[in-house]
Amino acid sequence: MLRAIQKTVVFFLTTHFFIALIAVILDLETNILLHQPLQHWSLYAFIFTSTHFAYNVYYIKTDKRQMFMMLALVSLIASAGLLFFIPAVFYPRLFFIGMASGLYILPVFLSFKKNKYYTFLRLLLLIFVWVTTTWVLPAQPEIRQFSCSLLLLWRIVLISISCLLFFIRDEKEVRIRQQAVTILYVLLALQVMLAIAMLIYLQTILGCLLLVSCLLCIFCSVRFLKRMHSHVFYLAFADGVLFAEAGIVLFLHLLHAL
């Protein structure tokens, strides 16, 4: 029984259903934190299927190409169908995000000369895609409060830390990896300051939650920097920090605590 559960969890993580679910939960969290109504169901469904498609396409050239190709095809068909239900107001933003995602995935299939800043530029592009997908896409653009700027900066830092952990693991050049570790420490310090600022300016419960998220990020970062872990471990914990924070926000919202 335990072995069957373990296999199911590993399948859920490695076939990118977990990361697709995280994208949806972060979008829901954005609307909750900004005190906005939830968007049309089709937008969240499209975010799930398109994220799932993008991550499976990215791994098509691995030894499990047939499985990833099949999953990507199913998600592509689902995404295409959902486009007919999404309100037209979201089309420009979806097109822009799709172009950025395509630029990130394209190098997997094309060979070209890469400069020394290539890996950092791809990291920035990945962070940009995640921030626009989970914040710019679901949010109503007329929001201009200071608290919203703090929350947006928090989201950028949180996503950047998660992406950096994978980047540090995969980067082969020692100098670039050391620079990435330095940036990670700076982001962790900034995250703590942001959490304290939001504890002062925003709700106490939310501020305490963000401080807990800081501790989780610091714990994961120290754990991952000390020694290498399996790919499944990274998928569960580096991405799991995003899931934990957004999941707790959704839970508290259901309890009307936020």
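Glutamate 29 and arginine 155 join their side chains in a salt bridge, 2.9 Å from N to O (a salt bridge is a side-chain nitrogen of Lys or Arg within 4 Å of a carboxyl oxygen of Asp or Glu). The two partners come from distant parts of the chain: glutamate 29 sits in helix α2, arginine 155 in helix α7, and 126 residues separate them. This is a predicted model, in which local features need pLDDT of at least 70 and side-chain atom pairs count only at pLDDT 80 or more, while totals for chains, interfaces and linings use all residues. Residues are numbered from 1 along each chain as its sequence is written, and side-chain values use heavy atoms, with hydrogens and water left out.

**Salt bridges**

- Across the whole structure, a search finds 3 salt bridges.
- Glutamate 29 counts as buried because its relative accessible area is 1% (buried means under 20%, exposed over 50%, partly exposed in between, using a 1.4 Å probe and protein chains only).
- Aspartate 170 pairs with arginine 169 at 2.8 Å, N to O; aspartate 170 is partly exposed at 42%, whereas arginine 169 is buried at 15%.
- Arginine 175 bridges to glutamate 173, with the closest N and O atoms 3.2 Å apart; arginine 175 is partly exposed at 39%, and glutamate 173 is partly exposed at 37%.
- As a general idea, side chains of opposite charge can pair when their charged atoms come close.

**Around helix α2**

- Helix α2 covers residues 17–33 (helices are DSSP runs of H or I with at least four residues, strands are runs of E with at least two, and both are numbered from the N terminus).
- Besides Arg155, glutamate 29 has contacts that include Glu245, Ala246, Val249 and Leu250, leaving aside neighbours within four places in sequence (contact means heavy atoms within 4.5 Å).
- Phenylalanine 17 also belongs to helix α2, and it is partly exposed at 22%.
- Not counting residues up to four places away, phenylalanine 17 touches Phe11, Phe12, Phe48, His52 and Leu71.
- From phenylalanine 17 to histidine 52 is 35 residues in sequence but 6.3 Å in space, C-alpha to C-alpha.

**The largest nonpolar core**

- This core has 78 residues, and Trp130 and Trp154 touch the most other members (a nonpolar core is a set of buried Ala, Val, Leu, Ile, Met, Phe, Trp, Tyr and Cys residues joined through side-chain atoms within 4.5 Å).
- Helix α7, residues 146–170, gives the most to the core, with 14 residues.
- Beyond its neighbours within four places in sequence, tryptophan 130 is in contact with Ile19, Ile22, Ala23, Leu26, Tyr55 and Ile159.
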